[in-house]
Amino acid sequence: MKKLSLQNKSYKIYITYFFLIMYGCFLGYLIIKTTSISHPIKALEEHYMSLRVTWLDYFISDLSKTGVYSGFHRLYDHNASMYFYLSHFAVFAKLNTAYTFFYTQLIVVLGCVALYPSIFYRLTGNIYVSLLSIFFFKLYNPFSLYFLSDSYWIYGWTTFISLPILFFLFRDKWQKSNWIWILGLIGVISVSNVFRANAGLSVIISLILLMFVKIIYPAIKSKKLKPVIIGACVCLLIIFSNGFFTSTVPHIYQSATSQPECLPMKGPWHSLYIGLGWERGNPFGLEYADAYGYMNREYLLYDTEEGYYIGAESPAYIDEVKKVYFDNVFSNLGYCIGSYIKKSFIAIINSIRFSLITPPILYKLYYQANSMSYIVTIFLSMLMIFYLKNIKADEKKLFLKRLYIFSPIILIFILCGILPALIATPFIPQYLFGAVSTFDCMVLTAYIIALTQITKYIKLKLQK
């Protein structure tokens, strides 16, 4: 009888998860349809990088005509694999080039929103919190919903999908079901890095830290060899996933189709070099603009053997700006150290500001959330004060202990989130997507915790 009762309970949980995923899909669709991103034609014309669209045109054209990318080896871009997959998607879905990025983003957005209620049900066990969690996107954070000129949005979605799961994994005792979440996060790393190089870096570091804290260190302490081997193998798998879709799969394709050379990693050297000019009055006479990188280096922007324009992806150009970057840094070391420290503070402040205020910076493509974000922020603060004042002393101690254990993960996500801004400039919101989303997730955690407490409080009052 007890076994039958457990089976019924298990079925109810599966049905609940199914219902929450369907609920997430429905509301995700409504969120997308009621924002400006459902009307992309003008946005596409204004905000797509024309060079990236041209590259994708070549990929789609090659795939459509011959089934082989004849110029695949010529594209010296760290996100070249993105065009490899997007061209297949475009041909399969019969989309023209301009819409390929756009619809791919919508699929990612819809997928993440659809999973959120079920993730928070697993995290809190509270159906009411799970149902309400999805409205956080609608009320508080339109920032990551918006279509941009490039693939920076993937930083935000990688953060949103990973941080709640990592919070759950770090706070709980280790269970066999946790391996499913680990595999899911490895998948997030693999896919997100296709769209933007190192978009999964914070998840990689956090997962390796998780393996050490939860598996490897306790096993070493208790002198058990098997968990150490398992943890080490999982760490290697996590690192391998970083380049699986980005590098391994395209290289296998190139070998199978006898492509003449592999795609190199261009590195961040162009952005690092012009990033030295983020501040006015810098001793290098630079500004943060591509033209200052290209200045007097036009001859390096071409493939000298085959005679066509490559631009900032040219290996010769990359070597040159890398050398000039280090020459400038070492000749003005004191200034550069101070500049990067100042840049990091501005990046953190701007991340918090963009997160809490939701400014009308995103090319006026935002809906009525500017004033709503203030209301929600104040409401969340009141809920957290209510929560901390009313919980028991032992519960408060446990709560603070969990936050203390999880704080290094938050720090990792913030540091990785401001990294693009440190490389380039801290004044462009796209470069701060990862950090902005980390702060948003922290507020969302406060929202979930406070909402859980209030629903428990109301339930107790109704029972009386």
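**View 1. Residues lining the largest cavity of the predicted model**. Tyr-155, Thr-159, Asn-198, Ala-199, Leu-201, Ser-202, Phe-413, Cys-416, Gly-417 and Gly-434 form the lining. A cavity is a set of points, on a 1 Å grid over the protein atoms alone, where a 1.4 Å probe fits but cannot get out, and lining residues have an atom within 4 Å of a point. By class, the lining holds five nonpolar, five polar and no charged residues. Nonpolar covers Ala, Val, Leu, Ile, Met, Phe, Trp, Tyr, Cys and Pro; charged covers Asp, Glu, Lys and Arg; the others, Gly among them, are polar.

**View 2. Helices around the largest cavity**. Helix 8 (153-171), helix 10 (201-221) and helix 18 (393-423) each supply at least two lining residues. Helix 18 gives the most, with three. The protein has 19 helices and two strands, taken as DSSP runs numbered from the N terminus (helices H or I, at least four residues; strands E, at least two).

**View 3. Volume of the largest cavity**. The space in the largest cavity is about 60 Å³. Four cavities of 30 Å³ or more are counted. Grid points are joined across faces, edges and corners, and a volume is the space filled by probe spheres set on the points.

**View 4. Buried residues**. Of the 464 residues in the protein, 50% are buried, meaning under 20% relative accessible area with a 1.4 Å probe, protein chains only.

**Notes.** Residues are numbered from 1 along each chain as its sequence is written. In this predicted model, local features need pLDDT of at least 70, side-chain atom pairs count only at pLDDT 80 or more, and totals for chains, interfaces and linings use all residues, while side-chain values use heavy atoms, with hydrogens and water left out.

Definitions and conventions:
1 Å grid on protein atoms, 1.4 Å probe; cavity = no way out; pocket = protein on both sides within 12 Å on 5 of 7 lines; lining within 4 Å.
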